[in-house]
Each structure stands twice: as structure tokens, then as C-alpha cells.
Amino acid sequence: MTFNLAALEAKLGHVPGGRALTQQVTYAQFVIDRSGSMLHLTSKMEESLQAQLAAMRSAPANVEYRVGAVPFGSRVNPFTGWVHPSDQPQYPCTANLGETALYDAMNDAITRAEAKLLEEPDAAHLIIVITDGYNNHSLLTSTGLTTRVKTSMASDRVTVVVNCPPGSQ
């Protein structure tokens with residue numbers, strides 16, 4: 001489960017969300033699947049998350065990140081709040097929180113990004129979903145989520161990335 005932030009920026013030619021490399025702030029939300037089906041992937045999730053945070057800590061001076069997490073299992077847990085990656089945030093990846101409300105968790109992150117855009121319209125938003133892709137406990141449908149993702153990404157301010165670790169089905 002490798003995530004290379006520099007490669008993503010190079011591929012896009014800008015920071016996530018379509019902004020130029022002179023972007024002031026990129027808000028990155030980690031949507032962390034802690035449902036029972038992720039139990040055997042805990043160490044891989046932790047490795048990926050730590051690698052991504054390390055990449056953000058070593059970002060060029062003109063790219064500043066603020067990070068937060070949306071953990072979920074059968075329900076979406078409270079958002080952790082925004083911090084700088086250098087604050088060494090600790091986001092538990094232990095799994096066994098029941099069923100999987102993946103679509104609801106992604107919707108929660110998109111809603112937060114859209115609200116933050118009203119406060120800071122020039123900011124970019126990166127939503128990084130760490131999951132095996134299962135969903136069996138969301139109120140939102142797959143069609144509803146697809147619409148939300150397409151609409152938010154069309155704004156050119158939000159990028160959604162889904163990481164499925166090796167070993168997930």
C-alpha cells in the first residue's frame with residue numbers, strides 16, 4: 001500500500017486539488033477504515049499512513065499541509081481536527097469496529113472539504129481513503145457517493161484518492 005505524494009504532485013503538475021505549486025495550504029483528510037474486515041491489514045495501513053505523513057512533512061516550502069482523520073467502522077467517528085504533519089499526529093489504525101460505513105465516511109470528508117472551501121476558497125483538499133473497499137453499513141448509496149465525488153472533484157479544489165492495501169479483496 002504505497003502512496004507517493006511527490007509522484008502525485010509531479011503527475012498532476014500541481015498540488016492536489018488542481019492548484020499551482022504556489023498553493024498556500026492543502027488540507028488532507030485521512031479516511032481510515034477501522035472495520036472488522038481490516039483487522040488483518042492493520043500493519044499495512046499504519047505503514048502507508050506514516051509514509052504519507054512523512055511525505056507531507058518533507059514537502060517543499062511552498063506547500064503547506066494541514067491533516068486530520070476520519071476513522072470509521074460501523075459508524076463515522078468524530079473528525080480529529082486539523083494539525084500540521086510536523087505535530088506528529090497519531091491516528092490509530094487498529095481495526096475491529098464492526099461493519100463498514102465507507103460511503104458515509106467519504107461523504108463526511110467531502111462535506112468537511114466543501115465547508116472549508118467556503119472559509120478558504122484558495123485552499124486545496126486531498127481526501128485519502130485507506131480501505132479494503134467494502135461497504136455494508138452506509139446510509140448513502142454507491143450512486144449517491146459517486147455523484148458527491150464527481151461534483152466535489154469538478155470544483156478543481158478537491159482530490160479523492162482511494163488506497164486499497166495489498167491483501168484486500
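**Notebook: Thr131 and its surroundings**

I started with Thr131 and listed what it touches beyond its neighbours within four places in sequence: Asp33, Met38, Leu102, Val162, Asn163, Cys164 and Pro165. Contact here is heavy atoms within 4.5 Å. I am working on a predicted model, where local features need pLDDT of at least 70, side-chain atom pairs count only at pLDDT 80 or more, and totals for chains, interfaces and linings use all residues. Numbering runs from 1 along each chain as its sequence is written, and side-chain values use heavy atoms, with hydrogens and water left out.

Where does Thr131 lie? I found it in the loop between strand S3 (124-130) and helix H4 (142-154). Helices (H or I, at least four residues) and strands (E, at least two) are DSSP runs, numbered from the N terminus.

I put Thr131 down as buried because its relative accessibility is 1%. My cut-offs, with a 1.4 Å probe and protein chains only: buried is under 20% relative accessible area, exposed is over 50%, and partly exposed is in between.

Next I checked Asp33, whose side chain makes a polar contact of 2.8 Å with that of Thr131. (A polar contact is a pair of N or O atoms within 3.5 Å; within protein, one must be able to donate a hydrogen and the other to accept it, and residues adjacent in sequence count only if both atoms are side-chain atoms.)

Then I turned to Asn163, which sits in strand S4 (residues 158-163). Asn163 is buried at 9%.

Cys164 is partly exposed at 42%, while Cys93 is buried at 3%.
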